[in-house]
Amino acid sequence: MGSLALSRVEALDQPAPTIAGEVARIAREQLAPLAAGIDAGSVYPAEVLRQFGEVGAWGSHMPHEGPADLRCAIQAMAAIGEVCGATAFMAWCQNTVVWYAANSTNMKLAKRFGDGFSTGRLLGGTGLSNPMKSFFGIEKLKLKGRKVEGGYIVRGALPWVSNLGPDHYFGTIFEREDEPGPVMFLADCSDPAITLTPCKPFLAMDGTGTYGVQFRDVFVPDELILADPAGPFVKKIRAGFILLQAGMALGLIRDCINIMDEVGGPLGHINRYLPQQPVHFRDLAAELEAETMALARDPYNEEETYWRKVIALRLRAGEASVAAAHAAMLHCGARGYLRSHRVQRRLREAYFVAIVTPATKQLRKMLADA
């Protein structure tokens, strides 16, 4: 048997690649070389995001004839986060806009955008930071709208919306001025009445396509309405919105463990005196992953006990991210204090996991109020 035949037999013996496995391969080969540039804000990895979409990273959590399962989407996001936390955040943004379109009862919208978002042909994000705070009594809605023939006129501004560009879309919510009730819609960044303004530099995440967005009497046609009224829709999608963020945390924690292992050889003799060791974070990551996977199988669960578990898990994921990155920095010592070492990036990314909406303080309020 020739070598070509042998290689074919060997290939047939290999298990079929999983979505998360393919995403991990692209992350290692295509994303890793860009991570420093993304962190510096000089690179927005649009083409890599599209490649992730082509292998199924954005489509696995779409509901099929009822149920939905978020596990594969979270595992794929964790694979991305193990290489670049900023891109894992953009992955969450993309997954949320898929989640919104897939759960909308506006069939024209679902038909127009469903495949585009889930395959990565269209990119986008979510502008629910302000609405999620509003629904829990922290802020007032920043966008206002009124009904007109064939749609709504929307005005106002959102300070930070991510994974955007001139041809991107994002889901957000306005408060009606002409009668009570919020409405959720897709904003089209190519609309000339929508302005994207670059933000002041952040501590991290500058390559995430984050902009301030201003709406100057934007006409939003009925074809772009995700839910009217928005309240019941938000209650349906809120667990998925939060659970998907676990992928950012899991990926970051895994790489912090990798970093601690990498310095175990040269510095193990002194690092053993530190109170938190890689084995502690392996156990913690395994617990978080198991709990995440259990909850991610049932994102439409309406029980209050389930909702409390989702909030509590998200809180633990943020705190564990900060703890793992802090420990990794201490294990690295002075070499980790170099700007060229990725552990300092991980520390900055970890704080983002803890403060992105819903932030640690909001999660604690939600648990106190529940």
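**View 1. Asp-255 within helix α10 of the predicted model.** Asp-255 belongs to helix α10, which covers residues 246–262; helices here are DSSP runs of H or I with at least four residues, numbered from the N terminus. This is a predicted model, in which local features need pLDDT of at least 70 and side-chain atom pairs count only at pLDDT 80 or more, whereas totals for chains, interfaces and linings use all residues. Residues are numbered from 1 along each chain as its sequence is written, and side-chain values use heavy atoms, with hydrogens and water left out. Asp-255 counts as buried because its relative accessibility is 4%, buried meaning under 20% relative accessible area with a 1.4 Å probe and protein chains only. Apart from neighbours within four places in sequence, Asp-255 is in contact (heavy atoms within 4.5 Å) with Glu-82, Arg-342 and Arg-346.

**View 2. Helix α14 and the helices that cover its buried residues.** Ten of the 14 residues of α14 are buried, so this helix is largely enclosed by the rest of the structure; among them are Arg-346, Phe-352 and Val-353. The cover over these buried residues includes α3 (35–40), α5 (71–81), α6 (85–103), α10, α13 (304–332) and α15 (360–369).

**View 3. Arg-314 in helix α13.** Arg-314, a residue of helix α13, is buried, with a relative accessible area of 4%. Leaving aside neighbours within four places in sequence, its contacts are Ile-242, Gln-245, Val-353, Val-356, Pro-358 and Leu-363. Arg-314 and Ser-129 are 185 residues apart in sequence, with their C-alpha atoms 15 Å apart in space.

Conventions. Helices (H or I, at least four residues) and strands (E, at least two) are DSSP runs, numbered from the N terminus. Buried means under 20% relative accessible area, exposed over 50%, partly exposed in between (1.4 Å probe, protein chains only).
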